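Biologist: I am new to this structure and would like to learn how to read its features one by one. Could we go through them slowly, with the general idea before each case?

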Amino acid sequence: MRTKCSIPSGLHIEKGGCNAGQTESITRLKRNSCGGCFCDTAPVWASVKKGQNMRICCAQMNVNAESPEGNYARAEVLVRKAARRNPDVIVLPETWNTGFAPKKIDPAAADEDGARTKKLFSALAEEFNVNIVAGSVTNRRPGGVYNTAYVFDRAGACVADYDKTHLFSPAGENEAYRAGEALARFTLDGVSCAVMTCYDLRFPELARALALPGLDVLFIPAQWPKTRVCQMLTLLRARAVENQIYAALCNGCGEAYGVRYGGHSAIVGPLGGTLAAARGRETIVCADADVDKLERIRKETPVWNDRRPELYGELSRARERQ
């Protein structure tokens, strides 16, 4: 029997990649007018090799908002340093090419259709035989400027791109950037993964929509300020625990346009424990995500089987707080 799921109404599953027809390894949830979708009450978890660990390294970068050229050079240095730790995945922060200050960034500093970012990280992923979640970049395409994350597999193929869907209105991001209309899920080394960006972390509906089809690891490039680091870490643990997944958040650090960014990147496990954590300075932190452990945790606390999706529909669709 199939029951209606709580993936937000108007989303459907679509295959695609950074370039049309390039890959079938990404699943995207995209808006349409179908009025909903149907799925099994419990996710169908991907089959992974027994004993599989995913070693994740977060490259917490001090972004120089006044030097996009310097940021590309610094990002490459950090990836090369992280590669020495034999990771499976390297993660970078949000908008590392320009910094995060939506009303002050010159659109001319944006990457043109992500071309420079894709060229650099495709080559690095292939050179080091490593998967790279290349943070997000300020990205200019026909129609506007986007906050776009790119993901590369070990062969250097761009297997996912994601335009940030929740734009941070207090900083004017919703005025300077255009919001994305699709969610991104993908597979790295046989592990089900997804990406969201910074402010997206505040929206549990997004994480649940990504987790419902089956998710093991969530990556979050971010630029949370120092004043909200406590909130960031609390939300990170919540998303990991409520969805029984690993969550890796790579935050920026340093100062841009008078805002001090908080660092404190962290990799959190499905029970809420911190596997690795940074402090406030530029650094690289790594941890092993024991993907095989997830099956046992989900059996011990079967929240996916105990859900009541028939009660959640109106909550997901509500536009205003009651």
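Biologist: Which cysteine sulfur is closest to the sulfur of Cys58, and how far away is it?

Modeller: Before anything else, please keep in mind that this is a predicted model. The general idea is that two cysteine sulfur atoms count as a disulfide when they lie within 2.5 Å of each other. For Cys58 the closest cysteine sulfur belongs to Cys250 and lies 4.8 Å away, which is too far for a bond. Cys58 itself is buried, with a relative accessible area of 0%.

Biologist: How many disulfides does a search of the whole structure find, and which residues form a disulfide?

Modeller: The search finds one, and Cys57 and Cys286 form it, with 2.0 Å between their sulfur atoms. The link of Cys57 and Cys286 is right-handed, with 105° about the S-S bond. Cys57 belongs to strand S5, residues 53-60, and Cys286 to strand S19, residues 283-290, so the pair ties together parts that are 229 residues apart in sequence.

Biologist: Are Cys57 and Cys286 buried or exposed?

Modeller: A residue counts as buried when its relative accessible area is under 20%. Cys57 has 0% and is therefore buried, and Cys286, at 15%, also counts as buried. Another cysteine, Cys193, is buried as well, at 0% relative accessibility.

Biologist: How should I take in the protein as a whole, and how many helices and strands does its secondary structure come to?

Modeller: The secondary structure comes to eight helices and 19 strands. Of the 322 residues in the protein, 54% are buried. The accessible surface comes to about 14,300 Å², and carbon and sulfur atoms account for 49% of that surface. If you then look at contacts between residues at least 6 apart in sequence, 70% of them join residues that are at least 24 apart.

Biologist: Where could I see residues that are separated along the chain, and what is the distance between the C-alpha atoms of Asp161 and Ala184?

Modeller: Asp161 and Ala184 are 23 residues apart along the chain, and their C-alpha atoms are separated by 6.9 Å. Asp161 lies in strand S10, residues 158-163, and is buried, with a relative accessible area of 12%. Another pair is Ala123 and Phe152, which are 29 residues apart in sequence and 9.6 Å apart in space, C-alpha to C-alpha. Ala123 is placed in helix H2, residues 115-128, and counts as partly exposed at 41% relative accessibility.

Biologist: At what angle do helix H4 and helix H5 pack, and which residues make the contact?

Modeller: For two helices one reads the angle and the distance between their axes, then the handedness of the crossing, and then the residues involved. Helix H4, residues 204-211, and helix H5, residues 229-243, pack at about 35°, with their axes 10 Å apart, and H4 passes H5 in a right-handed crossing. H4 contributes Pro204, Ala207, Arg208 and Ala211 to the contact, while H5 contributes Arg239, Glu242 and Asn243. By kind, the residues of this contact divide into three nonpolar, one polar and three charged.

Biologist: And what follows H4, in the loop where Pro213 is found?

Modeller: Pro213 is found in the loop between H4 and strand S13, residues 217-222.

Biologist: What is the phi of Asp189, and what is the phi of His264?

Modeller: The general idea is that most residues other than glycine have a negative phi. Asp189 has a positive phi of about 55° although it is not a glycine, and the phi of His264 is near 60°, again a positive value in a residue other than glycine. Asp189 is found in the loop between strand S11, 182-188, and strand S12, 191-195, whereas His264 has its place in the loop between strand S16, 259-262, and strand S17, 266-268. Asp189 counts as partly exposed at 34% relative accessibility, and His264 is partly exposed too, with a relative accessible area of 29%.

Note on methods: Residues numbered from 1 in each chain as written. Predicted model: local features only at pLDDT ≥ 70, side-chain atom pairs only at ≥ 80, totals over all residues. Heavy atoms only, no water. Helix = DSSP H or I, 4+ residues; strand = E, 2+ residues; numbered from the N terminus. Buried < 20%, exposed > 50% of the residue type's maximum accessible area, 1.4 Å probe, protein only. Axes fitted to C-alpha atoms, helices over the stretch in contact; angles between N-to-C directions. Left-handed = near helix turned anticlockwise from the far one by under 90°. Contact = heavy atoms within 4.5 Å. Nonpolar A, V, L, I, M, F, W, Y, C, P; charged D, E, K, R; others polar. Areas by Shrake-Rupley, 256 points an atom, 1.4 Å probe, with all protein chains shown as cover.
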